[in-house]
Amino acid sequence: MPPPLDRRDFLKAAGLIAATPLLDACGDSGLAEAPTLPPPLPVPGPAPAPSPAPMVDPVFPAPGQEPPSFDFPLVLALPFAHGVASGDPLSDRVIVWTRITEITPSAQSIPVAWQVSTSPTMTPVVKAGSQSTSAARDWTVKVDVTGLMPATTYYYRFTALGQQSITGRTRTAPAATVDNIRFAVVACSSYWSSTWSGYDHIADRNDLDLVLHCGDYIYDFIDEDEFVRSRKNSRDLGFVDNRDWLDIAELRRRYALFRSDAALMRAHQQHPWFIVWDNHDIDTGYGNELPTPQDGMQSTTTLAQTTQVFWEWTPSRPPLADGSGRFLLVDDGSYPTPPDSQLLYRRLPYGPLAEFFGVDTQIGLPGYGLTLDASHLPANTPSLYGRPQFEWFTGSMVAAEQAGVRWKIVNNQTWFAPADTPDVIAGFPSVPKLNISRWSSYSGERTALCQALRGSNPASLRVRGAVFVSGDSHGNFGSDVIETTQLLSSYVPGAVARSTRNGSTATNTGAGSVRVTTGNTPVVNNRALSVGVEFAPSSLGRGGADELVSRAMIDGSTTPAMPGTSSQEASVMATRGVEAAVINGNKNVQFIEWVDHGYGIVDLKPERAIFEYWWQDKLTVDSPDVLGMQMVSFAADNPTAVPMPRYRDQLDYVLTHGMTVAATTGTRMSEPAPLTEMVLPR
Ligand SMILES: [Fe+2]
């Protein structure tokens, strides 16, 4: 079977991307202008009859033919307008997801059949069943498909109302030793702030076991400087798709909008995901983040509702209500309704090579009104995890170490290792010294976590191979994990240099600062305090601190520079200064770049982990994938390695160890799920 076209190839073949939409700063639609065509040659004879208007199916309209008032742009035909998704794989089961969308619901309950196959042709079918959906779960369908083989690629699809969904591809977790696990990392993906080329590049890959999303999978509101694209009425911050949701219906509509993006739909179609929430996903109060023109409007949305809708719209398997972190395992094909929708933390074992931990550092913040048990910490020390999650996390990390699991991957919302912003920012009154990560307000618990990994746990066992994969701060960040930047002689880092690599745009040259020596010798491991590494590959588009800081350093304004302007060049230059100040002021930081946006790739092998920062110009549709930086962490000490000693639980630039910056390439050639020709650019 010939390889299916990827989205770009298909669109080029169809002549649909002659024009590229850029910044939708003042238009009312996010659509490209029609390309200008040359005048037709004169044709002798009678004029051709005008082509008839396309027939619109009133029940299942084709893409582009949805009613004007419809909730989201129709990229796939109804009723499977949001495609398919899968997630939370275990070695014998995986969640598969779809949603039934009709112009007007045709029944109170709609039966949906599902099939699973080992072939993209869906022959033979190895598992099948059915489930009914209704308005109570926003017409979503979630099936925990059981009885699968480990480390195996499967394909799946759904049928309802006489129609068939697109086919999805997924993959189960390994149960035994494998040579390689590779996954993508995404965070902070605002529909309005990026064209999401990164999602397209993720979808095009055939070598991923999993896609991690670290939170802010959806956004509650649009910033005034985030007008990259919009559903419509992009300048109207009161429009229902541009403002914070006021009730559960508007929240569900927001998921429907985000998930109508063709690139995101393809990324879900081709890979299983492991998603955690952050503040923008579960926001309950209107205007609680930044001032907006609609301050004062009241939201009726509750935390129970925002967390419920997360479980409705993500292909995630809910944990039990007892706080054990164990999954609710539904074996009969029925919908896995969360016993407690506010519980998020859970883990995915991937055999001896890796285990994934999804944590929650959001819901315990004071604004949500929950009182977390902090009795595991000294008196009056605030907790971000709460005791049950803290004990689950540290206990599970120790158990994984005892079981010989090499890499422990933490799907984590916010930068964990210290990265205090430099005092230089304090000189600009419009931008106070930024509190980059919420962990700076929970340093007591961060210390307790580091100490637990270092051996202060019931098993007195040092946990090795901890990898915090983080989002939230919208900057590219790589670090050793220590609890404080104030460590002096006991922690000695390497030398800092400006990166020689460039970003995704012409203005982003010498992108970031990186340490080019290890700070270690064959005799002395000067970074032995590190209990792991942290990898934060920026945001999939959303700006924030980076743009505010750089702009404020230029003229004190809080308005970010417009792309393509000389101010933007000055902004990049100013950001270079911030990056240098952060890495020089924080001994644990190994790499920082605060201009570009995209996603990350982590490539795990028994002897080492590779971390790649992939960038795309967020203003350009189909922006090329640029490998901005590649870092490495080793699984064993080798003090006599040349050109530099190698010690585990430390993050280093690959060139420091004489390795070339070679992009990961495909290692698993399972066929992609076929791309339907119904997918249109919108
Ligand atoms: Fe974010």
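Modeller: We can go through the model's confidence, the metal site and the cavities.

Colleague: Where does this model come from, and what pLDDT does the chain average?

Modeller: This is a predicted model. The protein chain averages a pLDDT of 86, and 84% of the residues score at least 70. Over residues 1-44, however, the pLDDT is below 50. Beyond near neighbours in sequence, that stretch has 65 contacts in the model.

Colleague: Now the metal. Which residues are the protein donors of the iron ion?

Modeller: Cys-188 through SG, Asp-216 through OD, Tyr-219 through OH and His-474 through NE2. They lie 2.4 to 2.7 Å from the iron ion.

Colleague: How are they spaced in sequence?

Modeller: The pattern is C-x27-D-x2-Y-x254-H. Cys-188 sits in the loop between strand 9 (181-186) and helix 2 (197-204), and His-474 in the loop between strand 15 (466-471) and strand 16 (476-480), so this pair ties together parts 286 residues apart in sequence.

Colleague: Are Cys-188 and His-474 buried or exposed?

Modeller: Cys-188 and His-474 are both buried.

Colleague: And what is the geometry of the iron site?

Modeller: Irregular, with angles of 83 to 171 degrees among the four donor atoms.

Colleague: Which residues line the largest cavity?

Modeller: Among them are Thr-153, Asn-206, Gln-270, His-271 and Arg-668. Strand 8 (residues 168-171) gives the largest share of the lining, three residues.

Methods. Residues are numbered from 1 along each chain as its sequence is written. This is a predicted model: local features need pLDDT of at least 70, side-chain atom pairs count only at pLDDT 80 or more; totals for chains, interfaces and linings use all residues. Side-chain values use heavy atoms; hydrogens and water are left out. Donors are N, O and S atoms within 2.8 Å of the metal (3.2 Å for Na, K and Ca); water is not among the atoms, so sites may look incomplete. Four donors count as tetrahedral if all angles lie between 85 and 135 degrees; four count as square planar and six as octahedral if opposite donors are over 155 degrees apart and all others between 65 and 115; anything else is irregular. Helices (H or I, at least four residues) and strands (E, at least two) are DSSP runs, numbered from the N terminus. Buried means under 20% relative accessible area, exposed over 50%, partly exposed in between (1.4 Å probe, protein chains only). pLDDT is the predictor's confidence in each residue, from 0 to 100. Contact means heavy atoms within 4.5 Å. On a 1 Å grid over the protein atoms alone, a cavity is a set of points where a 1.4 Å probe fits but cannot get out, and a pocket is an open set with protein on both sides within 12 Å along at least five of seven lines; lining residues have an atom within 4 Å of a point.
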